[in-house]
Amino acid sequence: MIIDFNDDSTPLEFNADICIVGSGAASLAMLTKFYDTKHKVIVIEAGEENVTDKNQEIYNVIAPYHPFDGAHNGRFRVFGGSTTRWGGQSLPLDKIDFRKREWLPDSGWPIPYDDVSKYYSEVDAFLRLDPAGYDNDIFALLKEQALPEASELQFRFSKWSPAPNLREHYRKIISTSSNINLLINANLRHVKLTEDLQDVQELVVKNFNNKQGRITAKKYVLACGGIENARILLASNSQLPNGVGNSRDLVGRFLQDHPRAEVATLTVSKKQQAYFNYFYLGKTRILPRFFFSDDFQAKNKILNTTAFVEFYTKEDDVFTIAKEIYRKQVRGTLSLQELKQALRLVKNIPQLLQIAKHYYIDRKVYTPNARARLNVMTEAPPLRENTVSLSSEVDALGMPKAIVKWKIDESVRQTFVATTHTICNYLTSAGFGKIEIDDWLTSEDWVTHVRDSKHHIGTTRMASSPENGVVDENCKVFDLGSLYIAGSSVFPTSGQSNPTATLIALAFRLANRLKEEV
C-alpha cells in the first residue's frame, strides 16, 4: 500500500518488523524478498511520485574543492530514487576490487568476492537483463573476428537494462501488497537511540508542513545513498554529539566516486563501430569495454579502470534526435511535442534506413556522422580526507546541509596516463587508424578536465572491526543492534565499475539475512 504522509488522515505512528528508509535500487531489490511473506515492512520515502524543486533543494550541497555535480543531478528525492533517471548500466566488480592491494592504502573488503558475485545472476533478473554471463567471449557475441590478444588488456562488456525505471515495474506489487507499506512525503529527520545508546528506539519523520511522526521496527535499514546515509547519521546528534555510529569519526569519510574523462579522439571507421559501438542481446543493450589485467595494475601501481569508445553526434543530428526519443520512450516520459519531432525524422529516410538495418538485422548500433572519443573511468583511492560533513547552514526541514569535500590526487592522473597510452598503442597496432591523445593529461590544470560519475561510495564503509569502518561484514552499524545500511556507501573501495549491480547484490544478501533474523 502507498500512503501519503501529507494526508491529514494519515496516522503519526507506524510499527513494522522492518523499516527501510529510501525507495531506490537497494530498497526495491530488498522488497522482492519480502513480498507475500509474514514480515511487515514499511518503506520511508522523502519524496513523492514526481520530482519537485522543493524536494531537490534538500539535496543541495556545499562543494568547496572539486565540483561534484552528481550530488544534485545524480540524486533524486522521489519514489524510485535515481532509478527514475539513470541509464540502467550494470557491471560487476572484479575479484581484485575485494583484495588488499599494497599500492592502494585502505583497500580490501572484509568479505570475499564470492559472497557478492553469487548474487549477480539474480541482479540480472531484477534488472530484466539478458542472462549472458559477463565472462562470455565478447567477440563471439559481436560475431566479429577476435582482436589480437594483449597481456595487459582485456575485452569485456557492461549491460544496460531495457527498463531502467524500476519503480514502474514494481509499483503495482507494492501498491497492492498486504504486508508492505510505502510512506511518501516522509523525511527522516532523526534517528533516536534508546537510553543506553545501544540501539535504535525510533525514527522521527516530518513533512514540509512540520507534521511529525515516528516509526518503530525490529530492524532498520538506511538506503538513502552515499551522501544522505552519512548526513542522516551525522545529523542525528542530539544524544551523541558526533552522530549515530560515529564514535570513531569514520562516518562520512572515505568518500569516493569514479573520476571520468575523455582522453583521446579516434578516426571514425566502420571497423571501430563494429567492435566498440553498442550492440544488442534481445532487448539488452551491450557496451564493449576495455579492462586492465591484475598484473598490469600491480606493475604500474594504478587504480582499477575501465574504458570505452563513445560515438558523439551533433544535437540536431538525426541520430541524436532518434536516440533521445528512444530513451524517453523507454522511460515512459515521451511528450506529445517530442512525438511530433519524431515524425519530422521521416524526411531523413535514407539515413534512418541505414541505422535501422544495423539495428534490426545486425543487432548493432550504427552512428552516422559520428565523432569517436575514448572515455576512461577509474576508481578513486579511498582517502580519509575526502568527506561528507555537516554545514552550519540548514535546509527547509531544519537539517544541516552536507559539505562534500572531494579531491582527486595524482594517482588518478597516473592511472589516466598509463591506461590511455596502453589502449591507444594497442588500437594503433591493431589497425584502428590514427588516434590523437588529448594534451590536457600532462597540463597543470588536468584536474579541471575530470568529472565525477554520480557514484557516491564509501562514506559508511564496511570493515572487520569498528576501528576501520562504520558497518560490519553484514552491513550492520557497529555497536548498534538493529541498524543496517544498504547501498554503495558501505563499499570499502569503489572498483572500476558502476556500483548499482553490486549494491543490489548486497541488498539481496542483507534481505536474506534479515528474513532469518526477524
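Predicted model: local features only at pLDDT ≥ 70, side-chain atom pairs only at ≥ 80, totals over all residues.
Two strands are said to pair if DSSP finds at least two bridges between them.

**Strand β13 and its neighbours**

The pairing of β6 with β13 is antiparallel and extends over eight bridges. Strand β12, which covers residues 279-281, also runs antiparallel to β13 and is joined to it by three bridges, and within this pairing L281 has T284 of β13 as its bridge partner. The hairpin that β12 and β13 make has two residues between the strands, and in this hairpin G282 takes a positive phi near 60°. A further antiparallel pairing, over two bridges, links β13 to strand β14, residues 305-312, where the bridge partner of F291 is T306.

| Strands | Number of bridges | Sense |
|---|---|---|
| β6 and β13 | eight bridges | antiparallel |
| β12 and β13 | three bridges | antiparallel |
| β13 and β14 | two bridges | antiparallel |
| β16 and β17 | five bridges | antiparallel |

How many of the nine residues of β13 are buried? Nine of the nine are buried, so β13 is largely enclosed by the rest of the structure. In a regular strand the side chains alternate between the two faces of the sheet. In β13, T284, I286, P288, F290 and F292 point one way, while R285, L287, R289 and F291 point the other way, and all of these residues are buried.

**The second largest pocket**

The second largest pocket holds about 400 Å³ of space. Its lining is made by 17 residues, of which L93, D94, K95, Y113 and R156 are the closest to the centre of the pocket. The elements that give two or more residues to this lining are α4 (113-117), β6 (153-160) and β13 (284-292). When the lining of the second largest pocket is divided by residue type, nine residues are nonpolar, two are polar and six are charged.

**An open sheet of three strands**

Another part of the model is an open sheet, in which three strands follow the order β4-β17-β16 with mixed pairing. Strands β4 (61-62) and β16 (387-394) stand at the edges and each has a single partner strand, so one side of each is left without a neighbour in the sheet. Strand β17, residues 400-405, runs antiparallel to β16 and is joined to it by five bridges, with V388 standing opposite V404 of β17.

Helix α8 spans residues 228-235, and eight of its eight residues are buried, so the helix is largely enclosed by the rest of the structure. Among these buried residues are the charged residues E228 and R231. Which strands do the buried residues of α8 pack against? They pack against β8 (187-193), β10, β16, β17 and β19 (483-485).

One of those strands, β10, covers residues 212-222 and contains K219. The relative accessible area of K219 is 13%, and because buried means under 20%, K219 counts as buried. Its side chain makes a polar contact with the side chain of E517, at 3.5 Å. Leaving aside residues up to four places away in sequence, K219 touches D17, I18, C19, G481, S482, Y484, L514, E517 and V518.

How values were computed:
Residues numbered from 1 in each chain as written. Heavy atoms only, no water. Helix = DSSP H or I, 4+ residues; strand = E, 2+ residues; numbered from the N terminus. Buried < 20%, exposed > 50% of the residue type's maximum accessible area, 1.4 Å probe, protein only. Polar contact = N/O pair within 3.5 Å; in protein donor to acceptor, adjacent residues only side chain to side chain. Contact = heavy atoms within 4.5 Å. 1 Å grid on protein atoms, 1.4 Å probe; cavity = no way out; pocket = protein on both sides within 12 Å on 5 of 7 lines; lining within 4 Å. Points joined across faces, edges and corners; volume = space filled by probe spheres on them.
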